[in-house]
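Please open the model in your viewer and keep the selection tool at hand. We will go from stop to stop.

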Amino acid sequence: MHTKEIRKLFLIVCLGCLFLCSCGLDEYYVIYPPACDNPHPYNQDDQMFYRFRTATITTLMSSQVLLKGTAIYYKIYPVSNESTMISDIEKIKTANTEFSSNGYSRITGTYKYQAVKFISGSNEVEYLSPTGSDIEWTMNLYSNLVRGDGTGPLKLIKAESASSVYDGMVEMPSATGDYYINAYAVTVGDVSLQSQYSQLAPLGVLKFTIQ
């Protein structure tokens, strides 16, 4: 066999191997999480708000991801279950690795966190809408509006706005007493018509009382 033919055959074999190997590779994409610079610690009860910034359309590294927006997930713990909450938070932190949806899977699967329902007027939306620039949000929990009738509002306000943009509805306990609410923000994207989730941004813990 001539040298040229050997080289040609070798090239064909190499290209074939490369094709077969690439077919089995998982598709890789990146979804950036929201940002919360100062998650509120559970042992400070002098604050009744969360503050965070949403990820932007322009920060996505893959054109295959359609950004849906930002979701907030929460769980309410009686103060008497403080040790359980702390243990849950540590286990969620371990699972919440960079550019992974493991944290989201842990809070919604193992610990049954629920999504905040965003309401503007008579409209209910699932996500805070994505934009081309990051938006800072303040989410207030008003203790004087927390009732024991099953629901309680959060107020979501954009940094540049003086008025509430959304009411955030959460399921409140019916029993009176002291409670913690622990929350996370997560960016939600669409990949091939399937929802995908970013690493969680811990927002921290607020303490409130139902009278």
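Buried means under 20% relative accessible area, exposed means over 50%, and partly exposed lies in between, with a 1.4 Å probe and protein chains only. This is a predicted model: local features need pLDDT of at least 70 and side-chain atom pairs count only at pLDDT 80 or more, while totals for chains, interfaces and linings use all residues. Residues are numbered from 1 along each chain as its sequence is written, and side-chain values use heavy atoms, with hydrogens and water left out.

**Stop one: charged pairs**

Side chains of opposite charge can pair when their charged atoms come close. Here a salt bridge is a side-chain nitrogen of Lys or Arg within 4 Å of a carboxyl oxygen of Asp or Glu. The structure holds four of them.

Select D167 and K155. Their side chains meet in a salt bridge, 2.5 Å from N to O. D167 sits in strand 8 (residues 166-171) and K155 in strand 7 (residues 151-158), so the pair links distant parts of the chain, twelve residues apart. Strands (E, at least two residues) and helices (H or I, at least four) are DSSP runs, numbered from the N terminus. Is D167 buried, partly exposed or exposed? D167 is partly exposed, at 24% relative accessibility.

Next, select R51 and E136. This salt bridge spans 4.0 Å, N to O. R51 belongs to strand 1 (residues 49-53) and E136 to strand 6 (residues 136-141); 85 residues separate the two. R51 is partly exposed at 41%. E136 is partly exposed too, at 31%.

Now select D134 and R53. Their closest N and O atoms are 3.5 Å apart, in another salt bridge. D134 is in the loop between strand 5 (123-125) and strand 6, while R53 is in strand 1, 81 residues apart. D134 has a relative accessibility of 43% and counts as partly exposed. R53 is also partly exposed, at 25%.

Salt bridges that share partners join D37, R53 and D134 into one network.

**Stop two: a serine in a loop**

Move to S100. Where is this residue? S100 lies in the loop between helix 2 (82-95) and helix 3 (102-110). S100 is buried, with a relative accessible area of 13%.

The side chains of S100 and T97 make a polar contact at 3.3 Å. Such a contact is a pair of N or O atoms within 3.5 Å; within protein, one must be able to donate a hydrogen and the other to accept it, and residues adjacent in sequence count only if both atoms are side-chain atoms.

Then look further along the chain. Leaving aside neighbours within four places in sequence, S100 is in contact (heavy atoms within 4.5 Å) with Y197, S198 and Q199.

**Stop three: rings**

Rings of Phe, Tyr and Trp (its six-membered ring) pair if their centres lie within 6.5 Å; planes under 30 degrees apart count as stacked, over 60 as edge-to-face and the rest as tilted.

Y104 lies in helix 3 and Y197 in strand 10 (residues 194-197), so the pair ties together parts 93 residues apart in sequence. Y104 is buried at 15%. Y197 is buried at 18%.

Include Y73. Ring pairs link Y73, Y104 and Y197 into a cluster. A search of the whole structure finds seven aromatic pairs.
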